Amino acid sequence: MAIVPMQKVAVVAHKAHEAELLELLHQEGVMEISELPDSAQINTDALPYHTAELDHVIALLMPHAAKETIAVLNDPATPAEIAKAGKSDKVRTIIDRIHTIEQQDSELKQQLSELDHGRLPEDTSKLAASADEGTYFTSPKIKGDLSKFGGDAAPAPASAQVVAARSAEVHTMMEKLHKELAQLSAELPLLSRARQFVRWMNEIEAARRATKVTHSTVTLFGWIAKSLFEPLERKLAAISPATAVLKVQPDEGEQAPILIKNPAWLKPFESVTLLYGLPQSGELDPTPLLAPFFILFFALCLTDAGYGLVLAIVMALFIWKKKIKLQDSPLWWLLMIGGVLTFFVSIPFGGWFGMTPDQAPAFMTETRADGLMWFKGQIWNLGATPGITFLQNLSLVLGLIHLSFGMFLGGVSKGLRGSWIEGFWMDWTPLFLIGTAIAYFFVPAEFQQMALIGIYASLALVIWGKGYGSKWYLRPVFGLLGLLNLVMGMMSNVLSYLRLLALGLVTGALALAVNLVAQQIGGFFPPILGIPIAIIIYIGGHTLNIALNVLGAFIHSGRLQFVEFFSQFFEGGGRPFTPFKRSKSL
């Protein structure tokens, strides 16, 4: 669960093996090629058609395609099927026929426009011997226009029948063209695979343009994962002994591309990391570090078990229906996990769609020794002061833990870059101060004097540490300024975590308001009308409340990671690893 180490390489081959080399790299998809041009801007002349041409034809045929054809389109094709379609002579024939149909359809639409204004197109006017070229007839539209000015239109001449007949003929011809398009839409799988083949050809051509060519060799520079160096070397040797992959020293200031690799259970949380940006080379991957905090903060922002259950079920059904894979859309999986954890975290707070225990079904509640009715599993009541106070204190404690962990990681991050001493003085000495301050309030009275001495010693360490990098006689001055900045920063940052309290209370308050509005408005009507109206308000209100609060929970949980947590140790801004590989079908 870390950033994958990268190695800059040069792949060298004899000129005679250039095509095999590019095909192997394209198929394996393990190497990022330096200075690779955009393949979307390249159209190879190896085929008698281009990507843009196929895109246009496919877009034209899609509205006419049957459900069976669409189903075939969604089935993945093998590389052999894609290559066969791309080399088929039938593709060019279909494209040419569709171009002809487009031209004919455009001409027929122009004829309809002329007929609608009472004018026979040139070829039709030849059929009417008594009509001069450009003669206008009193079509129904013109009759309507004339009637607006008062008076009746002149009796329609005999040639008006020619206009009507010609209009019907044009409509018939257009219907035939549309039927032919519907028939041609059955070839969409062939055209889609051909389009994919053209993209592959363009990608290989782009790689060819990135090669450095000498009299007898071709060379490609790029990056691969260090763990794949030897496997790639063996596969290149299988092409020919006249190929090699060599380790190359990066240029001064050149940054390696970033590829993060995490176990499957952490994949959903990569969507949070990527919202901020990839780490730079040498930084920590924040994904496993933020995961437990993000999902817990998300759940606390909702604090409604009913809402969590609905979110988990809806996301699970959506993922199952759309067959969404974890690696393709981790965000949807993250929301499902968030719903599951919200369900369990919210049970102790008694959040169930804004209901009070007396409104809930009997199987969800219990009467305790004090005679009060509570939800089963409920420990705190957010409708009373003790429950609110607990959630407030929990938010502040979690904030202090989160920030302290961030400072610890700040020291680790500096150490990994070779500055362990700086990490100790700048990031770890404040942890001693926090630890001794906490100990002072919780140790027995007889040990408080020792804890106070620990606080004084920690203050001295922080002042000396925050002045790190200055001359020795200036370190106390800069250290005092650093201490002041630390105290003010910690106070403001810890208070930021009260948003967990605020959002948790707002979710329940809005849910309760939805229930009251549904009851009050439903009560204005007879039961036969009031009950359906109340149900509609109830479902609509809670659906809107879930959507708004899930969005708020995600945004604010992310903000606590990006602003308060990441600022301690993470800079970001890394360049993503983009291997040269076969693109997937769209």
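**Entry 1: Glu-23 and its partner**

I started with Glu-23, which is partly exposed because its relative accessibility is 32%. The model I am reading is a predicted one. I looked for a partner and found a salt bridge from Glu-23 to Arg-582, with the closest N and O atoms 2.9 Å apart. Glu-23 sits in helix α1 and Arg-582 in the segment after α20 (527-569), so the pair ties together parts that are 559 residues apart in sequence. Arg-582 has a relative accessible area of 21%, so I noted Arg-582 as partly exposed too.

**Entry 2: Helix α1**

I then asked which residues of helix α1 (residues 18-28) are buried. They are Glu-18, Leu-21, Leu-22, Leu-24, Leu-25 and His-26. The cover over these buried residues includes β2 (6-14), β3 (31-33), α9, β5 (217-225) and α10 (229-239). After α1 comes Gly-29, with a positive phi near 65 degrees.

**Entry 3: Met-201**

From α9 I picked Met-201, as that helix spans residues 188-210 and holds this residue. Its relative accessibility is 24%, so Met-201 counts as partly exposed. Setting aside neighbours within four places in sequence, I found Met-201 in contact with Thr-44, Ala-46 and Leu-47. I also checked Met-201 against Arg-582: the C-alpha atoms are 9.5 Å apart in space, while the two residues are 381 apart in sequence.

How many salt bridges does a search of the whole structure find? I got 22. One of them joins Lys-90 to Glu-187, with 2.9 Å between the closest N and O atoms. This pair links distant parts of the chain, as Lys-90 is in helix α5 (residues 90-116) and Glu-187 is in the loop between α8 (160-184) and α9, 97 residues apart. Lys-90 is partly exposed because its relative accessible area is 42%.

Another pair is Glu-283 with Arg-417, where the closest N and O atoms are 3.5 Å apart. Glu-283 lies in the loop between α11 (267-276) and α12, and Arg-417 in the loop between α15 (385-416) and α16 (420-442), with 134 residues separating them. Is Glu-283 buried or exposed? At a relative accessible area of 7%, under the 20% cut-off, Glu-283 is buried. Arg-417 has 45%, so Arg-417 is partly exposed. I also noted that salt bridges with shared partners join Glu-18, Glu-205, Arg-208 and Arg-209 into one network.

**Entry 4: Cores**

Next I looked up the nonpolar cores. The largest has 55 residues, and Phe-269, Phe-298 and Phe-569 have the most contacts inside it. Helix α12 (residues 287-302) gives the most to this core, with 12 residues. Another core, of 30 residues, lies apart from it and has Leu-61, Ala-85, Leu-108 and Leu-188 among its members. Nonpolar side chains tend to be buried together in soluble globular proteins.

I listed the contacts of Phe-569 beyond its neighbours within four places in sequence. They are Glu-283, Leu-284, Pro-286, Leu-289, Gly-406, Leu-409, Gly-410 and Ser-413.

**Entry 5: Ser-346**

I found Ser-346 in helix α14. Its relative accessibility is 0%, so Ser-346 counts as buried. Apart from neighbours within four places in sequence, Ser-346 is in contact with Ala-299, Thr-303, Asp-304, Ala-305 and Gly-351.

**Entry 6: A surface patch**

I looked for nonpolar residues on the surface. Trp-464, Trp-472, Tyr-473, Leu-474, Val-477, Phe-478 and Leu-481 form a patch there, with about 760 Å² of accessible area together. Helix α18 (residues 475-496) gives the most to it, with three residues. Phe-478 is in α18, and Phe-478 is partly exposed because its relative accessibility is 40%.

**Entry 7: Positive phi**

Most residues other than glycine have a negative phi. I noted Glu-35, with a positive phi near 55 degrees, in the loop between β3 and α2 (51-61). Lys-323 also has a positive phi near 55 degrees and is in the loop between α13 (305-322) and α14 (330-346). Glu-35 is exposed because its relative accessibility is 63%; Lys-323 is exposed because the value is 68%.

**Entry 8: The whole chain**

Last, I took the totals. I counted 20 helices and nine strands. The radius of gyration is 36 Å, whereas a compact globule of 586 residues would have one near 25 Å. The C-alpha atoms fill a box of roughly 120 × 90 × 45 Å along the principal axes. Of the 586 residues, 42% count as buried.

Definitions and conventions. Residues numbered from 1 in each chain as written. Predicted model: local features only at pLDDT ≥ 70, side-chain atom pairs only at ≥ 80, totals over all residues. Heavy atoms only, no water. Helix = DSSP H or I, 4+ residues; strand = E, 2+ residues; numbered from the N terminus. Buried < 20%, exposed > 50% of the residue type's maximum accessible area, 1.4 Å probe, protein only. Contact = heavy atoms within 4.5 Å. Core = buried A, V, L, I, M, F, W, Y, C linked by side-chain atoms within 4.5 Å. Patch = residues over 30% accessible without salt bridge, like charges linked within 9 Å, V, L, I, M, F, W, Y side chains within 5 Å. Areas by Shrake-Rupley, 256 points an atom, 1.4 Å probe, with all protein chains shown as cover. Salt bridge = Lys/Arg side-chain N within 4 Å of Asp/Glu carboxyl O. Rg over C-alpha atoms; globule rule 2.2 N^0.38 Å.
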